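Here are my notes on this one, roughly in the order I'd look at things. Have the viewer open while you read.

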Amino acid sequence: MIEVQDLKKEYKIAKKSAGIAGSLKHLIMPKYETLEAVKGISFHINEGESVAFLGANGAGKSTTIKMLTGIMKPSAGNIRVMGRDPFANRIENARKTGVVFGQKTQLWWDIPVVESFNLLKNIYALSEEQYVRNMERFSAILGLNDFLSQPARKLSLGQRVRADLAASLLHEPPVLFLDEPTIGVDVTAKQKIYAFLKEVNQEKKTTILLTSHDMKDLESLCHRLIILERGKILFDDSIEKLFDRYDGGMTLEQIIIELFEHGTDAVSYVEEQEI
Amino acid sequence: MKKYLAYIRCGFLEGCAYRSTFITGMLANFIQAVVLYYVWKSIFAYQEIVNGYTWEIMRQYVFVAFLCNSVFSMGFEMNIAERIVKGDIILDLLKPLSYRGMLFFRMLGTAGMEFAVTFLLIGSIYLAVNGTRYLSGIRAILFLISLFLGMGVKFCIQYLFSLLCFYTDNSYGVTKAREILTNFFSGALIPLSMFPGVLRELVRYLPFQGIVYTPCCVFIGTFSIEECVSQILLQIVWILLLSLAGTLFGKKAFGVISMYGG
């Protein structure tokens with residue numbers, strides 16, 4: 001379903017020294033340095049898997065997701081999503097994937113939310129029947145009815161994220177990329193969202209790849225973890241394997257903290273596995 | 001095609017969303033058109049003919065030029081440029097359709113409302129000043145074609161400029177530069193035939209004349225019918241050339257999308 005080989009992404013960032021003098025200097029002779037956000041990662045995800053990306057801030061999770069969705073060109077390496085290169089076949093890829101960036105919204109800011117959904121119905125050429133069925137289902141689970149007639153700018157963060165999630169699933173994509181899909185969502189709604197995603201994953205064999213900072217929810221939804229650290233893969237296996245490695249009684253959260261603090265041990269763990 | 005039509009609808013709804021912005025925008029349009037009219041009136045009070053233009057022609061030109069220039073105004077363009085700078089453009093790229101096509105139809109929807117009202121407003125001022133004596137059926141039809149093609153030329157130029165935002169963060173600067181360039185070289189402020197020698201020649205080889213000057217001359221009759229047709233063909237050629245440039249530049253620009261974090 002998703003194959004990634006030696007994926008790399010470098011950013012060119014402006015290097016400015018502090019203060020007015022530094023800014024002026026940059027104006028005349030700008031200096032750039034390259035930042036390697038993703039340093040050659042490889043993994044393989046099968047159909048119907050639900051995989052979580054974990055990593056500290058700046059580990060390269062979002063960057064990887066952006067490359068997988070085909071909106072950003074990798075600096076090096078190969079990506080195949082359902083057999084296609086997502087950047088070269090952006091439009092085809094977009095038809096088959098659903099994406100949520102919790103930090104951004106695809107809803108139209110100034111017009112009622114329901115109009116955004118209506119537009120999606122036309123974009124993906126959904127039948128009236130499919131549209132109504134999905135909308136009813138999403139409304140029941142995510143509680144959309146309360147704010148469908150409001151413009152997106154009037155929604156709370158949690159409402160907005162719920163609407164965005166529904167929008168990404170309306171066309172029943174076989175692959176779903178979720179980048180922090182539960183930002184600002186309250187505890188009960190969060191529970192509902194993860195239960196819902198689990199259902200989608202099991203019923204329709206939808207492949208899910210998500211990033212989140214919420215360990216508990218990851219644990220209940222995903223069977224596999226990919227842990228990134230400074231652009232490299234630290235750990236890539238099932239959650240049980242991670243528990244096996246540590247003494248019983250530790251929660252996932254404690255394990256992750258342990259892992260981030262003593263990262264190198266975990267790398268050697270992955271290498272051992274490969275031998 | 002249906003999906004693009006859906007974008008017209010959303011664009012239109014978006015255009016209607018802010019009543020006060022809309023009303024003040026129209027008021028500003030009205031004042032601007034009237035001021036231009038009186039400026040030219042005072043010029044022609046001193047001199048009967050300015051570079052071959054009589055007051056008879058000029059008092060038509062002022063309003064027609066204003067109408068031509070009012071479509072696809074700057075507000076929407078700023079919005080696109082800002083989406084690129086802020087990185088929200090990635091959400092547009094996640095949709096299974098052409099980014100440029102999507103922009104065009106959305107803009108058409110937003111401009112539709114604006115244009116309809118400007119058309120009524122400026123049209124009635126035109127009629128109040130000139131009456132119906134200069135109107136002709138064929139020219140009106142050719143004018144509408146040329147006006148629509150002019151929108152196409154303008155859109156292509158706006159698209160090219162918006163792509164610059166992949167390389168600079170200054171969305172305001174980019175859109176303002178575009179506006180000043182088109183306002184001056186399209187004939188929106190001064191009819192191009194009033195330009196001095198070298199500049200007049202130069203403008204012939206630029207695409208901007210297609211936005212305002214061409215439809216204006218078609219309407220008020222400074223072009224013969226044959227000239228109208230050849231100038232309309234020239235507009236089409238420019239649209240093809242500019243969209244090709246947009247495609248090539250776009251390919252390069254989308255490759256540099258890079259955003260960290262959210």
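1. Chain B first: its secondary structure comes to eleven helices and two strands, where helices (H or I, at least four residues) and strands (E, at least two) are DSSP runs numbered from the N terminus. Along the sequence the pattern reads α-α-β-β-α-α-α-α-α-α-α-α-α. Chain B is as compact as a globular protein of its length, because its radius of gyration of 19 Å is close to the 18 Å from the globule rule for 262 residues; the radius is taken over C-alpha atoms, and the rule is 2.2 Å times the number of residues to the power 0.38.

2. A caveat before going on. This is a predicted model, in which local features need pLDDT of at least 70 and side-chain atom pairs count only at pLDDT 80 or more, while totals for chains, interfaces and linings use all residues. Residues are numbered from 1 along each chain as its sequence is written, and chains are lettered from A and ligands numbered from 1 in the order in which they are written.

3. Still on chain B, buried residues make up 35% of the 262. Buried here is 20 or more other C-beta atoms within 10 Å of the residue's own, exposed is 12 or fewer, and partly exposed is in between, with C-beta atoms placed from the backbone. Of the chain B contacts between residues at least 6 apart in sequence, 82% join residues at least 24 apart; a contact has the two C-beta atoms, placed from the backbone, within 7 Å.

4. Have a look at α2(B), residues 19-46. Its 28 residues reach 42 Å from first C-alpha to last, close to the expected 40 Å (1.5 Å times one less than the number of residues). The helix is hardly covered, with one buried residue among the 28.

5. Which elements of chain B give two or more residues to the side that touches chain A? The contact as a whole takes 21 residues from chain B and 23 from chain A. On the chain B side, those elements are α1 (2-16) and α5 (89-93), and α1(B) gives the largest share, six residues.

6. Over in chain A, three strands make an open antiparallel sheet in the order β2-β1-β4, with pairing defined as at least two DSSP bridges between two strands. β2 (32-45) and β4 (76-81) of chain A are at the edges with a single partner strand each, so one side of each has no neighbour in the sheet. Neighbouring strands are turned by 30° against each other on average, direction ignored. Five bridges join β1(A), residues 2-14, to β4(A), and A:V4 has A:I79 as its bridge partner there.

7. Lastly, some backbone angles to check. A:M82 and A:E180 each have a positive phi of about 50° without being a glycine. A:M82 is in the loop between β4 and α3 (90-96) of chain A, and A:E180 is in the loop between β6 (175-179) and α7 of chain A. With 17 C-beta neighbours inside 10 Å, A:M82 counts as partly exposed, whereas A:E180, with 20, counts as buried.

Key. Axes are lines fitted to C-alpha atoms, for helices over the stretch in contact, and angles run from 0 to 180 degrees between N-to-C directions.
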